[in-house]
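The exercises below concern a predicted model. Work through each task with the sequence and structure at hand before reading the solution.

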Amino acid sequence: MPPADNDRQVTPFPAGLWEQPQPVVPAAVAEVAEPVQRIRVPASMLYRYTPGAAPSRFLRGLRDKRILGEKDPVNGDVYVPPRGMSPVVGLPTTEQVELPDRGTLAAFCIVHIGFGVNAPPTPFVSALVLIDGAAVSVYGTLLDIPIEEVRIGMRVQAVWAPDEELTTSFENIRYWKPLDEPDVAPELLKGHM
Amino acid sequence: MAPQRDVAIVAFAQTDHRRAVPERNEVELIQPVIRQALDQVGATIADIGFTCSGSSDYLAGQAFSFVMTLDAVGAFPPIQESHVEMDGAWALYEAWLKIQAGHADTALVYGYSKASPGDLPRVLSRQLDPYYYGPLWPDSVALAGLQARAMIDAGLIDEAEMAAIAHRSREAARGNPHAQLRGSDPLDELLAAPYLSDPLRRHDCPPITDGGAAVVLAAGDRAREWSKRPAWIRGIDHRIDSHNLGARDLTVSPSASLAAAKAGVSEGKVDVAELHAPFTHQEKILATALGLGDSTVLNPSGGALAANPMMAAGLIRLGEVFRRIEDGEADRGVAHATSGHLLQQNFVAVLEGDPR
């Protein structure tokens, strides 16, 4: 009997195309000897990661429930989350712009197989939200709405973590929920869908 | 490989190299350098036909980290771009090929890394094969010690000569405002220091560096327009020795010798050579492999012993030779870059200025 497979967690994909394949032992190897199918090589590397100047400004703002984008110095586009650079002109973004915690659903999909410990119960809606005043959309999950009612152009609002749980993390925005405002016409979302 | 088109280095910029730059991320680190290199020739990204970079996710601790760094270029409208998980010298090789093939007339090349977030000697051990060497986690300094020991046992170098290489390099770096280590303790103090990885002492090893560099390439008349004295790439080649350390004679570098021969190093005088030798004894291996004599000034910048930003230290060797040719300090020079453990992979380029 082979040893129990407790080295790794295998994502429980449904059978078929995405199924985890069984190890295959080439005939040439199997003829010679008992094949070595696995070696155990524990590996870990620790990194002391620093996000940099602009992301630090953004993450500090999140601790206070503020969304701080940064402005392209040439064309005025506001990037959120900021990475320190305007990718369009290759120049640093230095001016911070505070954005509201609301926006418009620019794209979504319905997730039926969740990955990771933080995934909400399936099915759930993963979304790109174009925050008001921003040039690019952010990723999040959309809850508090029946899935069949989700549509591009709907207005959404951030749901923040309780004050005592706020940290310098994008996870401070727990999820997005519907906002009772008229939808934005899809043509106004051109370039973001 | 002999060039079909005249291609030259026409601009070079580098960071002020430091042990750690925690206040900036990689794109914030490299953007000023890219901008400086373009500014030197009065160009914008729209004037550049091809962009190629060298960096490593293992150093960044992030997948596809180079994609984020592209934000520093201003890659919109979309540009022709590529990346190598190697030193920027190999990115320069790819860019040179692109220009040789006629697909571009100009190129921007950059390389960078922040080694500070990780434990560099252990990170570098991940370059080893996954079955035999990797699981043993030999660190890069211990492996270099094996090579230095083999050199000493073969009578090819001694600890005093190694210390002299360290001393000469770091004293030379006093003239390099970008260097991380400038100046050296006296030789007798170096040799009195304890071993780090016997027979290597601290001074035999490169510093760990956060930093980067950028270079602009141009062909023909554009190169003459962009530089008062372009450093023409007369020959360029790169070769690789076995990854199996036990299968190699560690005291020599056949791949460096072959790359030097193919690049035509010996076909003229070599005023200056910038060798990417992270450890002192490796400079001796490389100078021997490249056939460099006493008339060549070795590593006037201080070399990798004065600053060793991974993925950029090789590209910087090209830039340092270019700068000396452009300034008229040298007419013909050799730049070398290495990658992998114990000089496994070697790149050699011969650069030459027009007659004065």
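**Exercise 1.** Locate B:Tyr131 and decide whether it is buried or exposed.

*Solution.* Start with the position: B:Tyr131 sits in the loop of chain B between α5 (120-125) and α6 (140-153). Next, take its relative accessibility, which is 57%. Exposed means over 50%, so B:Tyr131 counts as exposed. Finally, look at its surroundings: B:Tyr131 belongs to a nonpolar surface patch with A:Val36, A:Ile39, A:Val41 and B:Tyr132. Together these residues have about 580 Å² of accessible area.

**Exercise 2.** Describe the contact between chain B and chain A: how many residues does each chain give, and how much area is buried?

*Solution.* First count the residues: 31 come from chain B and 26 from chain A. The two chains bury about 2,000 Å² between them, with 58% of it on carbon and sulfur atoms. On the chain B side, B:Glu28, B:Asp71 and B:Pro117 lose the most area to chain A, together 25% of what that side buries. Then turn to the pairings: 14 residue pairs are in polar contact across the two chains, while the count of salt bridges between them is 0. Last, assign the chain B side to elements: α1 (26-40), α2 (57-60) and α5 each give two or more residues. Of the elements, α1(B) gives the most, with 4 residues.

**Exercise 3.** Find the salt-bridge partner of B:Asp105 and state where the two residues lie.

*Solution.* The partner is B:Arg5, with the closest N and O atoms 2.7 Å apart. B:Asp105 is in the loop between α4 (88-100) and β4 (106-114), and B:Arg5 is in the segment before β1 (7-14), so the pair links parts of chain B that are 100 residues apart. B:Asp105 is partly exposed at 44% relative accessibility, and B:Arg5 is partly exposed at 26%.

Terms used: Residues numbered from 1 in each chain as written. Chains lettered and ligands numbered in written order. Predicted model: local features only at pLDDT ≥ 70, side-chain atom pairs only at ≥ 80, totals over all residues. Heavy atoms only, no water. Patch = residues over 30% accessible without salt bridge, like charges linked within 9 Å, V, L, I, M, F, W, Y side chains within 5 Å. Areas by Shrake-Rupley, 256 points an atom, 1.4 Å probe, with all protein chains shown as cover. Salt bridge = Lys/Arg side-chain N within 4 Å of Asp/Glu carboxyl O. Buried < 20%, exposed > 50% of the residue type's maximum accessible area, 1.4 Å probe, protein only. Contact = heavy atoms within 4.5 Å. Buried area = accessible area lost by both parts, 1.4 Å probe. Polar contact = N/O pair within 3.5 Å; in protein donor to acceptor, adjacent residues only side chain to side chain.
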